[in-house]
Amino acid sequence: LRKVHVVPVLLGAAIPRPDGSTEEYETFCRAMLMLFKPWRSFQELKNNDDTWAESFSRQHFAPGLHKIIQNMNVENECKDARDAHA
């Protein structure tokens, strides 16, 4: 086990949207698995034959983590509402 705790950091402009295109949803699923599923090697995140969405849908997160994942899109929803009423 690690002697020093680390926090993964996603590089890029923003957290992908779960309500966007299929490609964006795949990226969202990959990001959520990387952040919230315990893993030590990349192969533990998904099977080679699965899509990120399939692997994400099979993952069972604790209720607290599930709520955090649901809230990951709140910033995008607020920006959408702002833009719709501007």
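How many helices and how many strands does the secondary structure of the protein chain come to? The count is four helices and zero strands, where helices (H or I, at least four residues) and strands (E, at least two) are DSSP runs numbered from the N terminus. Read from the N terminus on, the order of elements is simply α-α-α-α. The model is a predicted one, so local features need pLDDT of at least 70 and side-chain atom pairs count only at pLDDT 80 or more, while totals for chains, interfaces and linings use all residues. Residues are numbered from 1 along each chain as its sequence is written, and side-chain values use heavy atoms, with hydrogens and water left out.

On to the overall dimensions. Taken along the principal axes, the C-alpha atoms fill a box of roughly 50 × 35 × 25 Å. The protein chain has 86 residues, and 23% of them are buried; buried here means under 20% relative accessible area, exposed means over 50%, and partly exposed is anything in between (1.4 Å probe, protein chains only). Contact means heavy atoms within 4.5 Å. Of the contacts between residues at least 6 apart in sequence, 51% join residues at least 24 apart. As for charge, the mean positions of the 11 positive and 12 negative charges lie 10 Å apart. Lys and Arg count as positive and Asp and Glu as negative, leaving out His and the chain ends, and each charge is placed at NZ of Lys, CZ of Arg, CG of Asp or CD of Glu.

The largest nonpolar core takes in 12 residues, among them Phe 28, Cys 29, Leu 33, Trp 52, Ala 53, Phe 56, Phe 61 and Ile 69. Such a core is a set of buried Ala, Val, Leu, Ile, Met, Phe, Trp, Tyr and Cys residues joined through side-chain atoms within 4.5 Å. Two or more residues come from each of helix H1 (22-36) and helix H2 (52-58), and H1 gives the most, with six. Ala 53, one of the core residues, is in contact with Tyr 25, Glu 26 and Cys 29, leaving aside its neighbours within four places in sequence. Ser 55 sits in helix H2 and is buried at 9% relative accessible area. Beyond residues up to four places away in sequence, Ser 55 touches Leu 33, Leu 45 and Lys 46.

Aromatic rings also deserve a look. The whole structure holds four aromatic pairs, with rings of Phe, Tyr and Trp (its six-membered ring) pairing if their centres lie within 6.5 Å; planes under 30 degrees apart count as stacked, over 60 as edge-to-face and the rest as tilted. Tyr 25 and Phe 28 make a stacked pair, 6.2 Å centre to centre with 25° between the planes. Both lie in helix H1, three residues apart, or about one turn of the helix. Tyr 25 is partly exposed at 28% relative accessibility, whereas Phe 28 is buried at 4%. Phe 56 and Phe 61 form a tilted pair, with 5.8 Å centre to centre and 45° between the planes, and both of these residues are buried. Ring pairs link Tyr 25, Phe 28, Phe 56 and Phe 61 into a cluster.

What about the loop between H1 and H2? Lys 37 lies there, and this residue is buried, with a relative accessible area of 17%. Its contacts, not counting residues up to four places away in sequence, are Met 32, Glu 44, Leu 45, Gln 59 and Phe 61. Lys 37 and Gln 59 are 22 residues apart in sequence and 8.0 Å apart C-alpha to C-alpha. In helix H4 (residues 74-84) is Asn 76, which is buried at 13% relative accessible area. Asn 76 touches Ile 15 and Arg 17, with residues up to four places away in sequence not counted.

Glu 23, in helix H1, is exposed at 65% relative accessible area. Gly 12 belongs to the segment before H1 and is exposed at 63%.
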